[in-house]
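Welcome! Let's take a friendly walk through a protein structure, one piece at a time.

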Amino acid sequence: MSRRRGRFSWHRWAQVILLPCLLLLVKGVGRVAPRATIVSLTFDDGNEDQLQAVPMLARRGLNATFYIISDRVGNAGALSRSDLNGLRSAGHEIGGHTLTHPRLTALAEPEQRREICEDRARLRGWGFEADHFAYPFGAFDSEVADVVRSCGYSSARAVGNLEGAGPHPPSRPYSIPAPSSVQETDTLQDLQKLVLDAERTGGWLLFTFHHVCESCGQYGIKAAVLEDFIDWLSVRNGKRLS
């Protein structure tokens with residue numbers, strides 16, 4: 001299979017998206033056949049403190065997707081161009097997240113197009129494939145999804161529109177569902193429960209992180225909690241830790 005103009009190709013998309021995923025093969029109960037649960041770790045906004053996750057992932061041979069707000073690259077508290085190149089060299093994916101992180105549904109179509117298309121063009125000009133997109137605030141409608149498609153993205157991830165795993169492969173690649181973003185009140189047990197619940201039916205479970213820090217706001221996760229979670233996922237996947 002190959003990607004044709006204006007047509008979505010799962011084969012092409014899987015090469016990019018599924019490589020950063022963690023495959024959890026679940027044993028069936030009774031006569032129920034085993035089903036795969038896929039867990040993806042995604043990081044939004046390009047915050048500098050997300051670099052703390054990189055050695056955690058490297059020690060376990062795992063990768064993630066980083067969705068970047070390109071206007072913020074190089075600013076205080078944000079990832080730099082050098083950081084992005086380092087993420088790519090380490091096997092992580094760089095995706096688009098608009099120029100300035102607006103609520104796209106509140107913009108007119110020309111401004112939606114500028115935010116989405118110019119962001120992707122910039123990332124590609126920096127040498128990244130930028131095939132995949134994440135909606136700021138998880139806000140989108142059919143018009144926004146059409147713009148994302150027309151800008152050349154192969155998929156788009158929403159957030160906060162389900163509590164567990166979505167279908168795999170996704171039935172609508174421009175509205176891939178994900179639970180609400182991880183918050184500072186979420187414990188290791190909360191994150192583990194989402195995975196365990198997803199294993200009952202199989203499917204694709206995407207985690208969305210924003211900050212890796214100590215008491216830095218609603219959408220932060222402590223480095224120790226994130227490391228314990230990655231460690232737990234790695235063990236469940238049968239990976240040996242160094």
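## A residue in a loop

We can begin with Ser 175, which is in contact with Phe 140 and Ala 156, leaving aside its neighbours within four places in sequence. This is a predicted model. On the chain, Ser 175 is found in the loop between strand 6 (155–157) and helix 6.

Is Ser 175 buried or exposed? Its relative accessible area is 15%. Buried means under 20%, so Ser 175 counts as buried.

## Two helices side by side

Next, look at helix 6 (residues 188–199) and helix 7 (residues 223–236), which pack with their axes 9 Å apart and at an angle of about 30°. Because of that angle, helix 6 is roughly parallel to helix 7; angles under 35 degrees count that way. Their crossing is right-handed.

Which residues meet here? Helix 6 brings Leu 188, Leu 191, Gln 192, Val 195, Leu 196 and Glu 199.

With a relative accessible area of 0%, Ile 230 is buried.

Which residues does Ile 230 touch, leaving aside its neighbours within four places in sequence? Its contacts are Leu 41, Met 56, Leu 57, Arg 60 and Leu 62. Take Arg 60 as an example: Arg 60 and Ile 230 are 170 residues apart along the chain, yet their C-alpha atoms are separated by 8.0 Å.

## Helix 4 and its two faces

The buried residues of helix 4 are Gln 112, Glu 115, Ile 116, Asp 119, Arg 120 and Leu 123. Because they cover an arc of only 105° around the axis, they lie on the same side of helix 4.

On the face turned away from the buried side, helix 4 carries the exposed residues Pro 110 and Gly 125. After helix 4 comes Gly 127, whose phi is positive, near 100°.

Methods:
Residues numbered from 1 in each chain as written. Predicted model: local features only at pLDDT ≥ 70, side-chain atom pairs only at ≥ 80, totals over all residues. Heavy atoms only, no water. Buried < 20%, exposed > 50% of the residue type's maximum accessible area, 1.4 Å probe, protein only. Helix = DSSP H or I, 4+ residues; strand = E, 2+ residues; numbered from the N terminus. Arc of directions from axis to C-beta. Axes fitted to C-alpha atoms, helices over the stretch in contact; angles between N-to-C directions. Parallel < 35°, antiparallel > 145°, perpendicular 65-115°, else oblique. Left-handed = near helix turned anticlockwise from the far one by under 90°. Contact = heavy atoms within 4.5 Å.
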